[in-house]
Amino acid sequence: MPKEQGRKAIATNRKARHDYSIVDTYECGVVLMGTEVKSLRAGRASLVDAFATVDDGEVWLRGLHITEYEMGTWTNHEPRRNRKLLLHKAEILKLIGKTKESGLSLVPLSMYFKDGKVKVELALAKGKKTWDKRQALAKRDAERETSRAIGRWAKGRR
């Protein structure tokens, strides 16, 4: 069987970009059990309530829901267990400093297969206030209206 190539999306956290302004992103490996990988291959994961913490020099992903593998036996995994993220020591030290000093959060943006390995895109993010969210929505709507008007103008309609 040929080795898997490229990037295949498993799950994305669409609400994260709405609720947070992204400062920096990191690509992390994840420590998983066999049944978790099989469940992920079926696309059965949710990043909705997931977040990451740094405890004792290790980064942990909490709240990630991976549905139990339906063909699994008593060796099946817990759906919401804490999972260790794999990063370089320098990256972990940088994350510890940023989260402690400036009140930034660690939020998973997406989960995907990269060359057969499960990866998580972790973001160092700052929470948005309600008015920030409304401002971003208004800006996006204005840009959409502008592009529509330009499209109509280009087609010769008004």
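Which residues line the largest pocket? Hi everyone, let's start there, keeping in mind that this is a predicted model. The lining is made up of Asn13, Lys15, Ala16, Asp19, Tyr20, Val48, Ala50, Phe51, Ser105, Leu106 and Val107. By type, that is seven nonpolar residues, two polar and two charged. Helix H1, residues 14-19, gives at least two residues to this lining, and so does strand E8. For those of you thinking about volumes, the pocket comes out at about 150 Å³.

The largest nonpolar core has 26 residues, and the members touching the most others are Ile10, Leu40, Val59, Leu85 and Met111. Two or more core residues come from each of strands E1 (7-12), E2 (20-30), E5 (58-62), E8 (105-114) and E9 (117-127), and from helix H3 (89-102). E9 makes the largest contribution, with four residues. Apart from this core there is another, of five residues, including Val107, Leu109, Ala123 and Ala125.

Let me zoom in on two residues. Beyond its neighbours within four places in sequence, Val59 contacts Ala52, Thr53, Val54, Arg83, Lys84, Leu85, Leu87, Ile92, Leu95 and Leu122.

My other pick is Arg62, which sits in strand E5. Not counting residues up to four places away in sequence, Arg62 touches Asp49, Ala50, Phe51, Thr53, Asp55 and Asn82. As for Leu47, 15 residues from Arg62 along the chain, the two C-alpha atoms are 9.7 Å apart.

Technical notes
Residues are numbered from 1 along each chain as its sequence is written. This is a predicted model: local features need pLDDT of at least 70, side-chain atom pairs count only at pLDDT 80 or more; totals for chains, interfaces and linings use all residues. Side-chain values use heavy atoms; hydrogens and water are left out. A nonpolar core is a set of buried Ala, Val, Leu, Ile, Met, Phe, Trp, Tyr and Cys residues joined through side-chain atoms within 4.5 Å. Buried means under 20% relative accessible area, exposed over 50%, partly exposed in between (1.4 Å probe, protein chains only). Contact means heavy atoms within 4.5 Å. On a 1 Å grid over the protein atoms alone, a cavity is a set of points where a 1.4 Å probe fits but cannot get out, and a pocket is an open set with protein on both sides within 12 Å along at least five of seven lines; lining residues have an atom within 4 Å of a point. Grid points are joined across faces, edges and corners, and a volume is the space filled by probe spheres set on the points. Ala, Val, Leu, Ile, Met, Phe, Trp, Tyr, Cys and Pro count as nonpolar, Asp, Glu, Lys and Arg as charged, and the others, Gly among them, as polar.
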